[in-house]
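Please keep the sequence and the structure in view while reading.

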Amino acid sequence: MKYLIGNMKMNMDFKSLQDYFKDLIEATKDCKNTVGVCVPSVYLETASNNLSGANVLFGVQNMHYEDKGAFTGEISANMINDFDAKLVIVGHSERRSLFHESDEEINLKVKKAIASGLTPILCFGETKEEREEGKEKYIVQSQIELALKDLSKEDISKIIFAYEPVWAIGTGLTATKEQAEEMLAHTKELVFKICGLNADEIIGLYGGSMKPSNAKELLEMPSIDGGLIGGACLKVEDFKQIFMAV
Ligand code: PGA
């Protein structure tokens, strides 16, 4: 069983989501994989109304680590829980680069998500320059170590890990299946070293221009347990080809 999670980013609108959810419920009927979507948080109630009871997990793309307070524009884990959502993306590279999220904040968000019963999808990955300099493993190691700081083995087992090389996100460039495999194997070795969880006890996704034409070969790799899909999740017919690819 694989995990295919859509990251809608700042796309879709209320009207198009109604059709999208209807089509997605239909498309996932015979799907043996786990499918989910992370919607813009303003549409969490829409997702909840449409997807509760369906074969599709849902959640959001970010949250704050505090319960409440003077954090204009932010949402809390409790608010997300009001809508029976399960997933929250944490530390996406767009949050890290465009909104200056630090490793420390990402660590606090992972902790809060787990304490609140949400499944954090922890994103990490190197930039083009870092890969060209041969630093990709070091960067991923540092991002993961900082994100997992002070977490127990039990807590870490609740995280979905998403290797997303920045150079592959939204660019049409995809990591080769060998590159993605290598980095997710590296991720799982690291997590084992940190807390003793075995590779088969950890879920590791690949993200970065996964699409119908490359999903199968990526998803067949032994360390790749699924995908985090941006652009290609926005049309149900494309997303379906991905979650039905294996
Ligand atoms: P992409 O986005 O599939 O559009 O490259 C993936 C992501 O950012 O999670």
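## Terms and basis

Two strands pair if DSSP finds at least two bridges between them, and helices (H or I, at least four residues) and strands (E, at least two) are DSSP runs, numbered from the N terminus. This is a predicted model, in which local features need pLDDT of at least 70 and side-chain atom pairs count only at pLDDT 80 or more, while totals for chains, interfaces and linings use all residues. Residues are numbered from 1 along each chain as its sequence is written, and side-chain values use heavy atoms, with hydrogens and water left out.

## Strand β7 and its partners

Strand β6 (residues 160-163) pairs with β7 in the parallel sense over four bridges, and F161 stands opposite G204 in β7. Between β6 and β7 the chain passes through helix α9 (residues 177-195), and this β-α-β crossover is right-handed (with the strands pointing away from the viewer, the path from the first strand over the helix to the second runs clockwise). β7 also pairs in the parallel sense with strand β8 (residues 226-229), over three bridges, where G226 is the bridge partner of L205.

In a regular strand the side chains alternate between the two faces of the sheet. In β7, I203, L205 and G207 point one way, G204 and Y206 point the other way, and all are buried (under 20% relative accessible area, with a 1.4 Å probe and protein chains only).

## Cysteines

A search of the whole structure finds zero disulfides, a disulfide being a pair of cysteine sulfur atoms within 2.5 Å. For C31, the nearest cysteine sulfur, that of C233, is 14 Å away, and C31 is buried, with a relative accessible area of 9%. For C233, the nearest cysteine sulfur is that of C38, 8.9 Å away.

Technical notes:
Buried means under 20% relative accessible area, exposed over 50%, partly exposed in between (1.4 Å probe, protein chains only).
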